[in-house]
Amino acid sequence: ASGTDGNLITYDASGNPAAVATGDDGQVLTSAGAGAAPAFEAASGGGLIRLATNTLSGAVSSSNFDDTYVTTTYNTYMLTWNGITGDTDGYDLVINLSDDNGSTFQANKCGHTYHSLTWAGAPLQQAYTAGARVMSDGESDDSDGRCGGTAWLSLSNSATGSGYSYINSLCTKGAAGGASTGYGYHVFTMFYDLNRPNYIRFEDSEGNNLDTGEFVLYGLARA
């Protein structure tokens with residue numbers, strides 16, 4: 001007997017041949033347990049899902065991901081940035097979080113620590129600094145000062161009242177301070193004390209513009 005392209009042959013509860021309908025592209029065959037036919041379903045489990053990309057093509061005051069992307073679907077996000085330059089020499093790239101979709105940002109109950117390594121191989125450690133949210137500091141405004149990095153953002157589950165959200169990041173840095181003093185990388189750990197964030201903003205701490213580069217937001221699917 002003829003069949004339908006893509007269908008699979010199985011047996012029903014009476015032992016008679018039956019067909020498993022063709023699934024959609026990207027679906028996987030999943031067992032429904034004893035006594036039931038398998039089915040094509042969306043793959044489950046954890047994994048990074050690319051949610052949004054912001055590419056800078058001219059001077060902007062900030063690069064933002066709003067509550068369209070920062071939702072309760074994910075508790076952990078990965079942020080990447082590459083080739084970022086500012087319009088002012090020595091700009092400081094920061095991440096600010098908001099729990100009201102960008103109307104206000106937490107600038108007080110937060111802080112960071114970092115470890116750095118200069119291009120000459122000299123280490124530097126910064127103790128905890130209250131209010132600090134810097135991802136990469138003292139960047140040059142030219143091609144030598146392009147910075148990049150990756151950050152993991154673990155969001156607070158608190159819908160009301162305060163709760164901690166954490167960022168751990170590794171940032172490459174241009175040699176703004178020269179080959180002997182410019183920092184090759186920074187490792188930052190930051191915390192924010194606020195309700196569950198739904199908005200992420202990259203900007204210069206002094207309010208100067210960002211000129212070029214790309215910011216990408218990923219969500220880590222729950223297993």
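Mentor: Happy to! Let's start with a term we will need: a residue counts as buried when its relative accessible area is under 20%, as exposed when over 50%, and as partly exposed in between. Keep in mind that this is a predicted model. For the setting, the chain has 0 helices and 16 strands, and 38% of its 223 residues are buried.

Now to the rings. The structure holds 4 aromatic pairs. One of them joins Tyr-74 and Tyr-77, edge-to-face, with 5.7 Å from centre to centre and 70° between the planes. Tyr-74 has a relative accessible area of 11%, so this residue is buried; Tyr-77 is buried too, at 0%.

Phe-105 and Tyr-199 make another edge-to-face pair, because their planes stand at 70°, with the ring centres 5.8 Å apart. Phe-105 sits in the loop between strand S8 (91-98) and strand S9 (110-118), while Tyr-199 belongs to strand S15 (residues 199-204), so the pair ties together parts that are 94 residues apart in sequence.

Elsewhere, ring pairs link Trp-81, Phe-202 and Phe-215 into a cluster. As for the chain's contacts in general, of those between residues at least 6 apart in sequence, 71% join residues at least 24 apart. The accessible surface of the chain is about 11400 Å², and carbon and sulfur atoms account for 48% of that area.

Terms used:
Residues are numbered from 1 along each chain as its sequence is written. This is a predicted model: local features need pLDDT of at least 70, side-chain atom pairs count only at pLDDT 80 or more; totals for chains, interfaces and linings use all residues. Side-chain values use heavy atoms; hydrogens and water are left out. Helices (H or I, at least four residues) and strands (E, at least two) are DSSP runs, numbered from the N terminus. Buried means under 20% relative accessible area, exposed over 50%, partly exposed in between (1.4 Å probe, protein chains only). Contact means heavy atoms within 4.5 Å. Accessible areas come from the Shrake-Rupley method with a 1.4 Å probe; for residues, only the protein chains shown count as cover. Rings of Phe, Tyr and Trp (its six-membered ring) pair if their centres lie within 6.5 Å; planes under 30 degrees apart count as stacked, over 60 as edge-to-face and the rest as tilted.
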